[in-house]
Amino acid sequence: MFHLVKGLYNTWNKKEQYSILILGLDNAGKTTFLETLKKEYSLAFKALEKIQPTVGQNVATIPVDNKQILKFWDVGGQESLRSMWCEYYSLCHGIIFIVDSSDRERLDECSTTLQSVVMDEEIEGVPILMLANKQDRQDRMEVQDIKEVFNKIAEHISARDSRVLPISALTGEGVKDAIEWMIIRLERNKKSRPPIYK
Ligand code: G3D
Ligand code: MG
């Protein structure tokens, strides 16, 4: 009887864990975004320190509420590391692609990089959230201009959820809204990409 009750208790109390890949060019603000997430969801109480370029990967498991855990993978954006992104595609439930809104010169590179991500069959149906980061900077591009570039790519992903949202990973502005957008889509896509129960 004890085992039965314990078993039922464990089943009811299991949490859903979803994996989210944080992608984008180097210097886009991926690691800053991850550090700010930890702070927003009370995993870190320290102020942001100087962030070093990501060499391997940064992983953070964040319980966002009583039911869901999000596991974030920040896997480095230097050109040499981008070929490794596909290793993570089959395990991810959602993708967050971060764009540096102040880097006009690399917007094209950003667009071709995202294009190659969305064309990969392994991520078919996975929700994609593009974050126009560094919105606190005076020299930022307008979100509308960034949206235009990404809308062209979105034509290839018409059957799935995608969105461009403005954020500042540094100040935290928009970060929680971004996560809330993603959680709704992860739930919606649950049948085709089931979470891991923990
Ligand atoms: P990456 O992990 O994508 O390579 P990082 O990017 O998180 O290492 O950030 C690269 C630089 O951009 C860092 O500056 C970081 O402080 C800055 N940055 C990240 N997000 C924002 C933001 O929202 N606003 C502003 N103004 N800067 C941001 P440094 O100077 O430390 O290299
Ligand atoms: Mg980094």
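Predicted model: local features only at pLDDT ≥ 70, side-chain atom pairs only at ≥ 80, totals over all residues.

Reader: How many residues surround ligand 1, and which are the closest?

Author: A residue is near a molecule if one of its heavy atoms lies within 4 Å of it. Here 17 residues surround ligand 1, and the closest are Asn27, Lys30, Thr32, Lys50 and Asp136. The shell consists of five nonpolar, six polar and six charged residues. In this division Ala, Val, Leu, Ile, Met, Phe, Trp, Tyr, Cys and Pro count as nonpolar, Asp, Glu, Lys and Arg as charged, and the others, Gly among them, as polar.

Reader: Which helix gives the most to the shell around ligand 1?

Author: Helices (H or I, at least four residues) and strands (E, at least two) are DSSP runs, numbered from the N terminus. Helix H2, residues 30-40, gives the most, with three residues.

Reader: Which polar side-chain atoms lie by an oxygen atom of ligand 1?

Author: A polar contact is a pair of N or O atoms within 3.5 Å; within protein, one must be able to donate a hydrogen and the other to accept it, and residues adjacent in sequence count only if both atoms are side-chain atoms. A polar side-chain atom of Lys30 lies 2.7 Å from an oxygen atom of ligand 1. For Thr31 the corresponding distance is 2.9 Å, and for Lys134 it is 3.0 Å. Taken alone, ligand 1 exposes 660 Å², of which the protein buries 77%. Such areas come from the Shrake-Rupley method with a 1.4 Å probe; for residues, only the protein chains shown count as cover.

Reader: Is Lys134 buried or exposed, and where is its place?

Author: Buried means under 20% relative accessible area, exposed over 50%, and partly exposed in between (1.4 Å probe, protein chains only). Lys134 is buried, with a relative accessible area of 16%. Its place is in the loop between strand E5 (128-133) and helix H5 (143-154). The side chain of Lys134 has a polar atom 2.9 Å from the backbone oxygen of Asn27, and a polar contact of 3.1 Å joins it to the side chain of Asp100. The side chain of Asp100 also makes a polar contact of 2.6 Å with that of Ser102. Ser102 lies in the loop between strand E4 (94-100) and H4, and is buried at 15%.

Reader: What is to be said of phi in Asn27 and Lys134?

Author: Most residues other than glycine have a negative phi. Asn27, although not a glycine, has a positive phi of about 75°. Lys134 likewise has a positive value, near 65°. Asn27 is placed in the loop between strand E1 (16-23) and H2, and is exposed, with a relative accessible area of 57%.

Reader: What span should helix H4 have, and which of its residues are buried?

Author: The expected span of a helix is 1.5 Å times one less than its number of residues. For the twelve residues of H4 (residues 107-118) this gives 16 Å, and the end C-alpha atoms are 16 Å apart, which agrees. Leu107, Cys110, Ser111, Thr113, Leu114, Val117 and Val118 are the buried residues of H4. They cover an arc of only 165° around the axis, and therefore lie on the same side of H4. The arc is that of the directions from the helix axis to the C-beta atoms. On the other side of H4, Asp108 and Thr112 are exposed.

Reader: Which residues are buried in H5?

Author: In H5 the buried residues are Val143, Ile146, Val149, Phe150, Ile153 and Ala154. Their arc around the axis is only 150°, which puts them on the same side of H5. The twelve residues of H5 should span 16 Å, and the end C-alpha atoms are 15 Å apart, which agrees.

How values were computed. Residues numbered from 1 in each chain as written. Chains lettered and ligands numbered in written order. Heavy atoms only, no water.
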